[in-house]
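This report goes through a structure one part at a time. Please keep the sequence and the model open while reading.

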Amino acid sequence: MTVGILIVSHSAAIATGTVELARQMAADVPLVAAGGTDDGGIGTSFEAITAGIEELADAEAVVVLCDLGSAYLTTDTALDFLDDDVRARVHVSQAPLVEGAVAAAVAAQTGGDVDAALAAAASAAGSEADASRASSPSGDGPGGAAPVSGAGPVDDVAASETVELVNESGLHARPAAEFVKTAAKFDAEVRVNGVDAKSLLAIMALALPRGASVTIEGTGADAQDAVDALVALVRSGFGE
Amino acid sequence: MALDTAWAIDWVRRTAATIDEHRAELVTLDREIGDGDHGENLDRGFRAVLEAVDAGSFDTPGAVLKVVATKLISTVGGAAGPLFGTAYLKAAQAAGDVAELDADTLVQVLTAARDGIVSRGKAAVGDKTMVDAWSPAVDAAGAAAAAGDSPEQVLAAAADAAVTGAESTDPLVAHKGRASYLGERAVGHRDPGAQSTVYILRAAVDAA
């Protein structure tokens with residue numbers, strides 16, 4: 001399932017910049033910018049949005065992220081003019097543009113379907129603290145919501161290891177994306193310092209610098225493999 | 001004059017002229033509580049509409065309204081494009097292929113326009129938007145038609161009510177659009193979309 005992403009902004013620079021930013025972490029996801037008016041001014045373009053959806057015709061689903069009011073209005077209007085079968089493939093996210101685009105793109109890059117991309121974008125909607133909370137499973141889910149520090153070990157952790165971040169920039173955007181991509185390869189529920197290891201925003205919200213301790217815990221059939229792979233990734237310094 | 005195709009074309013011409021004339025005023029209103037582009041955007045939109053109307057030939061008022069809709073949607077660039085564009089599109093659908101609008105059809109056209117704006121922008125009366133001008137206009141048109149007024153009188157009733165409606169936005173805090181970021185600072189300023197609605201409806205009266 002391929003998910004394409006359309007960035008609708010009042011500003012061509014914001015739209016293309018957001019596409020560049022997201023592409024850095026999601027090289028294989030089709031990303032299209034529809035920013036500014038047709039004559040290069042500030043505003044949103046019905047034509048550019050329609051053309052952008054057309055450009056993403058090969059994607060099985062399209063997630064649209066918008067910046068401000070009229071970006072949504074123009075997008076909604078453009079959708080009204082599409083054939084029903086095309087219209088059904090297009091989903092407008094209410095998430096904030098930059099964070100939502102990055103989160104949706106990483107979700108799509110790691111094999112997520114359109115629902116996963118929309119959910120990832122939605123998890124960017126709150127503050128960073130809200131995002132990490134939203135990404136945690138509910139208290140009755142596997143692994144529980146108990147934080148690792150202070151609350152003691154979680155009973156059903158099948159594999160756990162603590163390593164030190166050795167790379168220069170710590171767990172910033174690119175390494176965090178690498179981390180999420182690796183975690184997503186496993187079925188196991190994986191948590192890093194208490195947050196969902198498959199949530200880019202939750203990991204970035206941890207803002208872990210070089211030298212920080214990273215505790216990786218996994219539950220589920222391939223938990224040990226997942227923890228081993230992630231520990232190896234951290235120790236490798238993410239190629240920096 | 002009957003509200004026929006010639007009226008619809010004259011309405012477009014008069015709208016383009018009045019928006020051009022009031023461009024600076026609309027820019028100023030929008031600069032006070034928005035992003036300052038309403039006058040320029042609408043002027044650009046109606047210039048494009050005028051070109052398309054001059055270039056085409058039309059059999060019904062509905063056909064004219066439909067061209068207005070598509071041109072505004074594709075050229076305005078701000079929120080007014082999809083909002084007014086949807087209004088004209090729904091109005092065109094309500095007008096259907098009748099050769100001239102009678103009073104009841106006119107009420108349906110105005111109601112469809114207002115409903116299109118509401119469904120597109122999700123604004124209600126009191127949110128300090130163009131809906132504050134459109135809704136009383138539709139109500140007044142309905143009352144005039146029910147009282148047996150002529151189409152011209154129905155149109156005049158709508159335009160007069162829009163003026164009062166636009167004025168009613170002055171003391172409001174905005175709940176939609178860019179002005180909603182301003183909170184109390186929007187109080188004392190008229191909503192530019194409500195004001196341009198007044199000019200559009202007044203142009204319709206002048207053409208009749």
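A residue counts as buried if 20 or more other C-beta atoms lie within 10 Å of its own, with C-beta atoms placed from the backbone. That cut-off is used in the sections below. The structure is a predicted model.

## Chain A in outline

Chain A has 240 residues, of which 48% count as buried. Its secondary structure consists of 11 helices and eight strands. Among the contacts in chain A with a separation of 6 or more, 72% are between residues 24 or more positions apart.

## A buried strand, β2(A)

Strand β2 of chain A covers residues 31-35. Five of these five residues are buried, so the strand is largely enclosed by the rest of the structure. In a regular strand the side chains alternate between the two faces of the sheet. Both faces of β2(A) are covered: A:V32 and A:A34 are buried on one side, and A:L31, A:A33 and A:G35 are buried on the other.

Strand β1 of chain A, residues 3-9, runs parallel to β2(A) and is joined to it by five bridges.

## The antiparallel sheet of chain A

Strands of a sheet pair through backbone hydrogen bonds, either parallel or antiparallel. In chain A, four strands make up an open sheet with antiparallel pairing, in the order β5-β8-β6-β7. The edges are held by β5 (159-164) and β7 (195-196) of chain A; each has a single partner strand, so one side of each has no neighbour in the sheet.

The partner of β5(A) is strand β8 of chain A, residues 213-219, and the two pair in the antiparallel sense over six bridges. Within this pairing, A:E161 is bridged to A:I216 of β8(A).

## A:Q224 and its contacts

A:Q224 lies in helix α11 of chain A, which spans residues 223-235. Is this residue buried or partly exposed? A:Q224 has 16 C-beta neighbours inside 10 Å and therefore counts as partly exposed.

Leaving aside residues up to four places away in sequence, A:Q224 touches A:A158, A:A159 and A:G218. A:A159 is 65 residues from A:Q224 along the chain, and their C-alpha atoms are separated by 5.2 Å.

## The contact between chains A and B

Chain A puts 13 residues into the contact and chain B 16 residues. On the side of chain B that touches chain A, the elements giving two or more residues are α4 (61-75), α5 (80-95) and α6 (103-121) of chain B. The most comes from α5(B), with five residues. By type, the residues on this side of chain B are nine polar, four nonpolar and three charged.

## Helix packing in chain B

Two packed helices are described by the angle between their axes and the distance between the axes. For α6(B) and helix α8 of chain B, residues 151-167, the axes come within 8 Å and cross at roughly 30 degrees. Angles under 35 degrees count as roughly parallel, so α6(B) is roughly parallel to α8(B). The crossing of the two helices is right-handed.

Which residues make this contact? From α6(B) they are B:A103, B:L106, B:V107 and B:L110, and from α8(B) they are B:P151, B:V154, B:L155 and B:A158. The residues of the contact of α6(B) with α8(B) comprise eight nonpolar, no polar and no charged.

Notes:
Residues numbered from 1 in each chain as written. Chains lettered and ligands numbered in written order. Predicted model: local features only at pLDDT ≥ 70, side-chain atom pairs only at ≥ 80, totals over all residues. Buried ≥ 20, exposed ≤ 12 C-beta atoms within 10 Å, placed from the backbone. Contact = placed C-beta atoms within 7 Å. Pairing = 2+ DSSP bridges. Nonpolar A, V, L, I, M, F, W, Y, C, P; charged D, E, K, R; others polar. Axes fitted to C-alpha atoms, helices over the stretch in contact; angles between N-to-C directions. Parallel < 35°, antiparallel > 145°, perpendicular 65-115°, else oblique. Left-handed = near helix turned anticlockwise from the far one by under 90°.
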